[in-house]
Amino acid sequence: MPKPTADPAALGLGVDRTSPVPLHHQLAQQLQAAVEQGRLAPGSLLGNELELAARLGLSRPTVRQAIQSLVDKGMLVRRRGVGTQVVHSRVKRPLELSSLYDDLEAADRRPATRVLRNTVEAATVPVAAALGVAEGSEVHVVERLRLARDEPLALLRNHLPPGLLDLDTARLEATGLYRMMRSAGITLHSARQSVGARAAEGEEARLLAEPRGAPLLTMERITFDAGGRAVELGCHVYPASRYAFEFQLLARP
């Protein structure tokens, strides 16, 4: 059942008519912040455009433009007979050597984990090459579903060298892998990472609550400790509608 219609006053929505920033952009920024900070929870209704425009003292085209910008970002959806509804907030994550669990926790996104697989298997050629071990030798593999505010956000598959640390399933569900590594005295120094995209397949689509064929972001990372040893090969997928990587680009001197 949809949640009650959000109260603009309670959300602190308002615009500054003396600002050079267009009114629709001001409203879109405030609505986006309310979604990302959890003040507009998934399922919340915004009410129709006429009501919202009247309560904020704005024109209907201004409100429509602000709402459409968030619909385009996948944060809001227009449902016939229901109105404009919050879908979810999109996680924006900087490309740096950090843990998704730690990033979500720092953003108050209530991370949770379901361990899908925690076992030892023979290293394939790509895994052996990434970790610097012999092909066919035993490596640890962990597959997890990461959630944020009870919403599936990522499928994580990690291969680790044998004997690196105790990969207890209960601890993996209670905290992040990088935090466990640091607790074991492993210094994470650097990583090689590539980002891509592809369509969701059957089981992963089901786990991520996405339709088959929906766009997914992919990330592959090889992480090294202070001594240059490869300590992790991570292969992760994220729903493109709920997740984005952020880059900081610097001009060449």
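Predicted model: local features only at pLDDT ≥ 70, side-chain atom pairs only at ≥ 80, totals over all residues.
## Getting to know this structure

Arg 64 is partly exposed, with a relative accessible area of 37% (buried means under 20% relative accessible area, exposed over 50%, and partly exposed in between, with a 1.4 Å probe and protein chains only). Residues are numbered from 1 along each chain as its sequence is written, and side-chain values use heavy atoms, with hydrogens and water left out.

**The chain as a whole**

The protein chain has nine helices and 10 strands. Both kinds of element are DSSP runs numbered from the N terminus, with helices (H or I) of at least four residues and strands (E) of at least two. Of the chain's 253 residues, 44% count as buried. Among contacts with a separation of 6 or more, 59% come from residues 24 or more positions apart; contact here means heavy atoms within 4.5 Å.

Two packed helices are described by the angle between their axes and the distance between the axes. The axes are lines fitted to C-alpha atoms, for helices over the stretch in contact, and the angles run from 0 to 180 degrees between N-to-C directions.

Helix H3, residues 49-56, packs with helix H4, residues 60-72, at an angle of about 115 degrees, and their axes are 9 Å apart. That places H3 roughly perpendicular to H4 (under 35 degrees counts as roughly parallel, over 145 as roughly antiparallel, 65 to 115 as roughly perpendicular and the rest as oblique). On the H3 side, Glu 49, Leu 50, Leu 52 and Ala 53 take part, and they meet Arg 60, Val 63, Arg 64 and Ile 67 in H4. By class, this contact has five nonpolar, no polar and three charged residues. Here Ala, Val, Leu, Ile, Met, Phe, Trp, Tyr, Cys and Pro count as nonpolar, Asp, Glu, Lys and Arg as charged, and the others, Gly among them, as polar.

Helix H2, residues 23-36, packs with H4 as well, at an angle of about 45 degrees and with axes 8 Å apart. That makes H2 oblique to H4. H2 and H4 also have a right-handed crossing. Leu 23, His 24, Leu 27, Ala 28, Leu 31 and Gln 32 in H2 meet Thr 62, Val 63, Gln 65, Ala 66, Ser 69 and Leu 70 in H4. The classes in the contact of H2 with H4 are seven nonpolar, five polar and no charged residues.

**Salt bridges**

How many salt bridges does the structure hold? There are seven, each a side-chain nitrogen of Lys or Arg within 4 Å of a carboxyl oxygen of Asp or Glu. Here are some of them.

| Arg | Glu | Closest N to O |
|---|---|---|
| Arg 198 | Glu 204 | 2.6 Å |
| Arg 206 | Glu 203 | 2.6 Å |

Glu 49 is buried, with a relative accessible area of 8%. Glu 49, Arg 60 and Arg 64 are linked in a network of salt bridges.

In the next pair, Arg 198 is partly exposed at 34%, while Glu 204 is buried at 11%. Arg 206 and Glu 203 both belong to helix H9, residues 202-207, where they sit three residues apart, about one turn of the helix. Arg 206 is exposed at 55% and Glu 203 partly exposed at 46%.

**Two loop residues**

Most residues other than glycine have a negative phi. Ala 209, however, has a positive phi of about 55 degrees although it is not a glycine. Ala 209 lies in the loop between H9 and S8 and is exposed, at 56% relative accessibility.

Where is Gly 227? Gly 227 is in the loop between strand S8 (215-225) and strand S9 (230-239), and it counts as exposed at 71% relative accessibility. Gly 227 and Ile 186 are 41 residues apart in sequence, and their C-alpha atoms are 9.9 Å apart in space.

Methods: Left-handed = near helix turned anticlockwise from the far one by under 90°.
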